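Subject: Structure handover

Hello,

Here is the structure you are taking over. Please open it next to this email and follow along.

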Amino acid sequence: MQVSEQRQEEGRPGGRRVVVVGAGMAGVQTAVALRELGFDGRVTLIGAEPHQPYDRPPLSKAVLLGKAEGSALDVDFDGLGIELELGREVLGLRPADRELDTERGPVPYDVLVLATGAEPIRLPGAEGVPGVHLLRTLDDAERLRPVLAGRHDVVVVGAGWIGAEFATAAREAGCEVTVVEAADRPLAGALPAEVAAPMAAWYADSGIALRTRARVERVESGAVVLDDGSRLPADAVVVGIGARPATAWLAGSGVELGAHHEIVADAGLRTSRPDVYAVGDCASFPSARYGERLLVHHWDNALQGPRTVAANIVGEATDEPAAVYDPVPYFWSEQFGRFVQYAGHHADADGAVWRGDPSGPAWTVCWLREDRLVALLAVGRPRDLAQGRRLIEAGTPMNPRLLADPARPLKAATA
């Protein structure tokens, strides 16, 4: 934009320019929500990837298996007046100048939204080794498609959510699959041992070898060598050992980062710098509901948070009360023929109540703090999840004895 054009923009009502960095779900939904709430200034969405903005969950399922060519989001960007700047990497931020530095030159903003998401953690020593893959982007999924189609020997490093989903898809495609996990059980970083333990049997039931307490010593062409000296044949190695907020480019910007290198946002998703917001996987926020700061790396957070950001950007111009973000976190995973759902946050629960037999196809774990439901994990019981999420939101007192009866609806197990 020329200087004269910028002054014209600033001189008319709604002439502010909002720039959103990150064209994933959180960034796209922020841009869309701004228009839905009546924002009539410029909205620019900058994405590092050249592809049209797309949804990530299908990458480990339909796209990976060749059942879908892509997962582009159904958004009429032109019709909404949202400017797309794709294939443009952002290199830095200068808040004092209200400018972003990009590989194509500086971009000015009046309000900035940081929605850069998270990036996968790489396996030390494996970079540059042929056949080593990550699964985070559309390009990653495209590179893995022929591996699955060829029914190769595949080693998955990490038995977390993404590792389990990829292993499921690879086995469905006919690959021989071994999953290597450094901890003593799957999902060690996400769930307590007694809850994750029953899930270990899902691997064997699906014909997948699960190696726990196993660390990768090195990756060679055609093999993975473990620290006990054993060699696993591997035409391909897929690394799923976690993700970290994509915030390295903010070094020196003065934007406060937390212990996990995430952007520290307040209850309205504002950062430590004026007129700069953060949303999605790259940001943590304080939860009054749970009494601690939450960093949530799940799709629903990227879907829900943008509404708060947009409301506060629009509200600043109209003197509306600030919107507060305090959701009940939610995510789901499809793995080994099971639909797994989780809602809430169980870290400070007093105890857990089981509904159903964990060796069976459908069961739920409910976490309570005093007599309030704070979280639940539902395997093949979507009604439990739907009712439980509402009970968490409402803070409804529960009766643990009634809650333990799997035949009783959750909503009928109140105190």
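**What was found**

The chain has an average pLDDT of 93, and 97% of the residues score at least 70; pLDDT is the predictor's confidence in each residue, from 0 to 100. Residues 1-13 have a pLDDT below 50, and this stretch has 10 contacts in the model beyond near neighbours in sequence. Contact means heavy atoms within 4.5 Å. Where pLDDT is low, the predicted coordinates should not be read in detail.

Two notes on how to read the rest. This is a predicted model, in which local features need pLDDT of at least 70 and side-chain atom pairs count only at pLDDT 80 or more, while totals for chains, interfaces and linings use all residues. Residues are numbered from 1 along each chain as its sequence is written, and side-chain values use heavy atoms, with hydrogens and water left out.

**Helix H9**

Helices (H or I, at least four residues) and strands (E, at least two) are DSSP runs, numbered from the N terminus. Helix H9 covers residues 382-394, and its end C-alpha atoms are 19 Å apart; this agrees with the 18 Å that its 13 residues should span at 1.5 Å a residue, where the expected span is 1.5 Å times one less than the number of residues. After H9 comes Gly-395, with a positive phi near 65°.

**His-346**

His-346 sits in the loop between E23 and E24. Is His-346 buried or exposed? His-346 counts as buried because its relative accessibility is 17%. Leaving aside neighbours within four places in sequence, its contacts are Ala-190, Leu-191, Pro-192, Trp-367 and Ala-375.

**Nonpolar cores**

A nonpolar core is a set of buried Ala, Val, Leu, Ile, Met, Phe, Trp, Tyr and Cys residues joined through side-chain atoms within 4.5 Å. The largest has 95 residues, of which Leu-148, Phe-166, Leu-191, Trp-367 and Leu-377 touch the most other members. A second, separate core has 18 residues, among them Ile-46, Val-107, Tyr-109 and Leu-112. Not counting residues up to four places away in sequence, Phe-166 touches Leu-64, Leu-135, Leu-144, Leu-148, Val-154, Val-156 and Val-238.

Regards

Note on methods. Buried < 20%, exposed > 50% of the residue type's maximum accessible area, 1.4 Å probe, protein only.
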